[in-house]
Amino acid sequence: MKELRKGLNRQIVAALTIAWINGVLALRRVPLWILVYLLMPLTLLFFFSIYGNVILMKYALIGGAIMIAVSNGVAILGDAAFYRIYVKYQDLLVATPIKPTSYVIGLSLSMLVFSVPGLALFILLMWIMGMLTPIFTLTLTLCLIATWAFSSFMGFAISTLFKQLRHVWPLTTIISLLLSVLPPIYYPATILPKGLWWIGALAPTGAAAMILHHVAELAKLDPTTIAISIASIIGYTALFMILSITKIRWREK
């Protein structure tokens, strides 16, 4: 039992160290990355504030928070591929006691570091708009954690498919935009016919946004749609977590 506890503590320290190196230190060296991930959400918020009303502003704030979380999560695709293919950082870790699971979790946590400044700003704006009721705050926290988790694990799982870097960087942007613009994040799922509201939950980001829209009383959704949304985001998170851990190319052949 003592050896098991010691091994577990070692893996936790390893994951946190990777998160510190790839997250905190990287952010301190290039703080402009905060602006990179904030630029699109703030731009959309700006236009919503000019051409919309209070309701649309609330949609923009929820959409912006989800966009920041998913964009930072998917960005692990580029980092993981870069470390494995170009830097050979992963090859160095193979010779250490670090487990593949600790490596994946460490990189995922580093993406969370990049999300914090932007999320803090949008949460502050939500507070100013009077959105942060206890139930909404709890739901927002859970949805953002799930969004970060599924997107970072998804990004890592996809990174294992590449042997060259040239296609990785544009794919990161494409996936981020597809997950944060097309699903019902900046607009209500209720624009669809009532029997088809569940379609918005087919995308995990859409599922998270639909739950938040319902709790914020921006869109009244039926219990079945809410249940499908909850199942969707939990299912995607579990699926990509399993894929990223089981399909990792820890030793290149």
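What is the volume of the largest pocket?

View 1. The largest pocket has a volume of about 700 Å³, and among the 25 residues that line the largest pocket, Trp33, Val36, Tyr37, Ala75 and Thr172 are the closest to its centre. Two or more lining residues come from each of the helices α1 (2–29), α2 (32–51), α3, α4 (76–87), α6 (100–128) and α8 (168–181), with α8 giving the most, namely six residues. By class, the lining of the largest pocket comprises 16 nonpolar, seven polar and two charged residues.

**View 2. Glycine 73 in helix α3.** Helix α3 spans residues 54–74 and includes glycine 73, which counts as buried because its relative accessibility is 0%. Leaving aside residues up to four places away in sequence, glycine 73 touches Met111, Trp148, Ser151 and Ser152. Threonine 172 is 99 residues from glycine 73 in sequence, while their C-alpha atoms are 9.9 Å apart in space.

**View 3. The second largest pocket.** This pocket holds about 210 Å³ of space, and its lining consists of Thr139, Leu142, Cys143, Ala146, Ile211, Val215, Ile230, Ile233, Ile234 and Thr237. The elements that contribute two or more residues to the lining are α7 (134–159), α9 and α10 (223–246), and the lining divides into eight nonpolar and two polar residues, with no charged residues.

**View 4. Confidence in helices α5 and α9.** The mean pLDDT is lowest among the elements in helix α5 (residues 89–94), at 70, and highest in helix α9 (residues 204–215), at 94. Across the protein the average pLDDT is 85, and 93% of the residues score at least 70. Where pLDDT is low, predicted coordinates should not be read in detail.

Definitions and conventions
Residues numbered from 1 in each chain as written. Predicted model: local features only at pLDDT ≥ 70, side-chain atom pairs only at ≥ 80, totals over all residues. Heavy atoms only, no water. Helix = DSSP H or I, 4+ residues; strand = E, 2+ residues; numbered from the N terminus. Buried < 20%, exposed > 50% of the residue type's maximum accessible area, 1.4 Å probe, protein only. Contact = heavy atoms within 4.5 Å. pLDDT = per-residue confidence, 0-100. 1 Å grid on protein atoms, 1.4 Å probe; cavity = no way out; pocket = protein on both sides within 12 Å on 5 of 7 lines; lining within 4 Å. Points joined across faces, edges and corners; volume = space filled by probe spheres on them. Nonpolar A, V, L, I, M, F, W, Y, C, P; charged D, E, K, R; others polar.
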